[in-house]
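Colleague: I have a model open and want to know how its inside is packed. Can you walk me through it?

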Amino acid sequence: SSSASTALEAKENGIKKKPSSESVINLDHGDPTMFESYWWRMGDKCTITIPGWQSLSYFSDVGNLCWFLEPELANEIRRLHCFVGNAAVENRHIVVGTGSTQLFQAALYALSPPDAPAPVNVVAAAPYYSSYPAMTDYLRSGLYRWAGDAYAFDKDEPYIELVTSPNNPDGFTREAVVLNRGGGKLVHDLVYYWPQYTPITSPADHDLMLFTVSKSTGHAGTRIGWALVKDKEVAKKMTKFIELNTIGVSKDSQLRAAKILQVVSDSCRHSGSGCESENFFEYGRRIMTERWEQLRDVISHKDLFRLPEYPLEFCKFAGEFTEAHPAFAWLKSKEEIEDCERFLKGYKILTRSGKHFGVDTKHVRVSMLDREDTFHLLLERLSAMQGHEREE
Ligand code: PMP
């Protein structure tokens, strides 16, 4: 049928499909398709086969606090953190989730006092990840409610502060900003704390830390995230949330994620570039460094936008001083452009306005993680803009 042949065509075009010079480029989402080229080169290394008789049971590890966590995934998570040195895994409970998104909600559920007269305040320092307000409020929970910018929070009430480090959208390393008056709980969203984005200065050691394959390896579609949780009761409550929400997390996805993490850890034992065993994070660092250099070069030749500057810090993973190369470019337009999102849309570049992150419309967030062709169109379009050419 024609619909079947259209579907086949779409599949064949698949990852090879190139955007034309006329097409609108969508850099609004942080879809990590950049990593396809690495995994393409890895060929069958991550291929797993799941026979029909496997993974029927709801249960994975009945002796474990998180009873739906596949032991292989738990092992690979611990092993990868040890290789990379980005998080302390000793004496922590691992809770697996359908993306870190589900774990975010499990964390709010677990950290909210169950019998409080009013919902607990949930805050994050602006600019904050644009999904936090909606994810917090969409069910109008009686347990927690979005209370906005953490810098502006001055109530003498219990709160949960979301600390995103490196931060989405601006890429800076962060710490909690609310001065703790005893009633505060912290959730550390560390989904970008990986060597391709930022120097790994020390293993993060917080009470509740969130990670995901979406940003670490690029497998966002697998929908696997994990939380490292110190407190047993908190880990239990998070597990309970996931039990009530989805009775566990896809075993098929967990097995695939375990395999991918295993291949990444194995690649960390090799160095060198270009070969088929190239270290995954060296590859990521190389591409992100190139992209940021190219973007800074184009931006510096126009008097239209400003980009944040990141400090040089010693990355223990890389063994050298490096600066951040964030997953997003946080652009600020100069005086005459009031609405930067609208301005860029005029050049067929879709971005996300600062207003979604709790700041002004002079800012936009631009994904740096799209495929090579799309990124090049971005550079081309930025360099073709009518700015004041800067005198060198
Ligand atoms: N936290 C932050 C800061 C993010 O940017 C994202 C993805 N955009 C997520 C969490 C959610 O990731 P996922 O659900 O795919 O694990």
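Modeller: A nonpolar core here is a set of buried Ala, Val, Leu, Ile, Met, Phe, Trp, Tyr and Cys residues joined through side-chain atoms within 4.5 Å. Buried means under 20% relative accessible area, exposed over 50%, partly exposed in between (1.4 Å probe, protein chains only). The model is predicted: local features need pLDDT of at least 70, side-chain atom pairs count only at pLDDT 80 or more, and totals for chains, interfaces and linings use all residues. Numbering starts from 1 along each chain as its sequence is written, and side-chain values use heavy atoms, without hydrogens and water.

Colleague: Which residues touch the most other members of the largest nonpolar core?

Modeller: Trp39, Leu162, Leu208, Met238, Leu295 and Phe305, out of 107 residues. Helix α9 (residues 280–300) gives this core its largest share, 9 residues. Helices are DSSP runs (H or I, at least four residues), and strands are too (E, at least two), numbered from the N terminus.

Colleague: What does leucine 295 touch, beyond four places in sequence?

Modeller: Its contacts (heavy atoms within 4.5 Å) include Leu307, Met368 and Phe375.

Colleague: New topic. Which residues of α3 are buried?

Modeller: Leu73, Ala74, Glu76, Ile77, Leu80, His81 and Val84. Their arc, taken from the directions from the helix axis to the C-beta atoms, is only 165°, so they sit on the same side of α3.

Colleague: And which are exposed on the other side?

Modeller: Asn75 and Cys82.

Colleague: What do the buried ones pack against?

Modeller: β2 (93–98), β7 (208–212), β8 (224–229), α8 (251–268) and α9.

Colleague: What follows α3?

Modeller: Glycine 85, with a positive phi near 75°.
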